[in-house]
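Subject: Structure handover

Hello,

Here is the structure I said I would pass on. My notes on it follow below.

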Amino acid sequence: MAGAAPATAFGQAVIGPPGSGKTTYCLGMSEFLRALGRRVAVVNLDPANEGLPYECAVDVGELVGLGDVMDALRLGPNGGLLYCMEYLEANLDWLRAKLEPLRGHYFLFDCPGQVELCTHHSALRSIFSQMAQWDLRLTAVHLVDSHYCTDPAKFISVLCTSLATMLHVELPHVNLLSKMDLIEHYGKLAFNLDYYTEVLDLSYLLEHLASDRFFSHYRQLNEKLVQLIEDYSLVSFIPLNIQDKDSVQRVLQAVDKANGYCFGVQEQRSLEAMMSAAVGADFHFSSTLGIQEKCLASSEQTVEQEAMQL
């Protein structure tokens with residue numbers, strides 16, 4: 001029927017540890033998407049989120065509140081948050097009823113920052129799995145504070161957490177190094193930024209750790225962790241400065257490719273005009289067909305180069 005909302009919906013599940021910038025990301029990304037002409041619905045799935053800076057289409061606080069759970073069950077904030085997610089999992093009919101009228105919107109899900117929800121607890125993964133059955137295609141956008149790059153031990157820990165999250169959540173995945181505009185204030189990086197975003201040879205980090213008297217006692221453990229990360233070879237990062245339109249656009253392109261949105265026909269292609277007005281340059285945002293042709297040409301060129309080397 002003409003004008004009917006598309007059957008398939010797309011969106012982002014914004015996850016990451018507390019303080020990584022998830023809510024700020026949802027605000028900035030929603031504004032960017034609206035500037036492109038997309039209809040956006042931001043859904044708050046964090047019952048501990050108060051004073052939301054964005055316009056919230058659905059708020060899990062209407063179903064269950066963290067404060068009420070803590071008082072009634074005498075739980076701390078961590079246990080209370082896990083209970084809230086389990087309660088939402090048991091009442092997904094409520095969430096579906098809230099999302100159904102928004103069919104045709106692009107969804108941003110602002111998720112809780114409880115790390116165990118994304119590494120081994122089943123509630124959030126079950127919620128995402130059920131959304132997939134509702135024909136909602138999500139990309140997990142995992143935010144990590146870029147200041148961890150300044151400490152080799154913390155960066156290896158972040159890599160392990162990111163890998164565990166990717167394997168547990170079971171969604172198309174994009175890892176972001178957030179707050180890149182503040183990285184200069186965190187201290188000098190031991191290597192250039194590409195080393196951290198592409199997760200290159202981690203043996204160099206082991207050498208830095210070996211120079212520390214504390215970590216030198218755990219060299220074998222660190223070697224095994226690095227070996228595990230490199231064996232999977234799944235983790236990489238995209239740097240994000242939410243204040244920079246070019247940075248946000250690079251993230252959006254990766255997300256749209258991951259969940260398949262860029263291969264659809266829903267989007268009004270207004271990025272070229274918006275970016276040209278913003279930077280005063282001839283900015284070109286390819287059509288869906290153009291993107292597919294470029295990807296195909298790039299793949300063919302790579303194959304030809306590899307054949308020549310052989």
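Helices (H or I, at least four residues) and strands (E, at least two) are DSSP runs, numbered from the N terminus. By that naming, Leu-234 sits in the loop between helix H11 (219-232) and strand S7 (238-239).

Some ground rules: this is a predicted model, in which local features need pLDDT of at least 70 and side-chain atom pairs count only at pLDDT 80 or more, while totals for chains, interfaces and linings use all residues. Residues are numbered from 1 along each chain as its sequence is written, and side-chain values use heavy atoms, with hydrogens and water left out.

Confidence
pLDDT is the predictor's confidence in each residue, from 0 to 100. The chain average is 85, and 83% of the residues score at least 70. Over residues 281-292, pLDDT stays under 50.

Core
A nonpolar core is a set of buried Ala, Val, Leu, Ile, Met, Phe, Trp, Tyr and Cys residues joined through side-chain atoms within 4.5 Å. Buried means under 20% relative accessible area, exposed over 50%, and partly exposed in between (1.4 Å probe, protein chains only). The largest nonpolar core has 37 residues, and Leu-95, Phe-107, Phe-109, Phe-128 and Met-131 have the most contacts inside it. Contact means heavy atoms within 4.5 Å. Beyond its neighbours within four places in sequence, Met-131 touches Leu-45, Leu-95, Phe-109, Leu-136 and Leu-138.

Salt bridges
Side chains of opposite charge can pair when their charged atoms come close. A salt bridge here is a side-chain nitrogen of Lys or Arg within 4 Å of a carboxyl oxygen of Asp or Glu. The count by this rule is four. Three of them are worth a look:

- Glu-62 pairs with Lys-98, with the closest N and O atoms 3.2 Å apart. The two are 36 residues apart: Glu-62 is in the loop between strand S3 (56-59) and helix H2 (66-73), and Lys-98 is in helix H4 (residues 92-99). Glu-62 is exposed because its relative accessibility is 55%.
- Asp-145 pairs with Lys-179 at 3.3 Å, N to O. Asp-145 belongs to strand S5 (residues 136-145), whereas Lys-179 is in the loop between strand S6 (173-178) and helix H8 (193-197). At 9% relative accessibility, Asp-145 is buried, while Lys-179, at 27%, is partly exposed.
- Arg-219 pairs with Glu-223 at 3.1 Å, N to O. Both lie in helix H11, four residues apart, about one turn of the helix.

Regards
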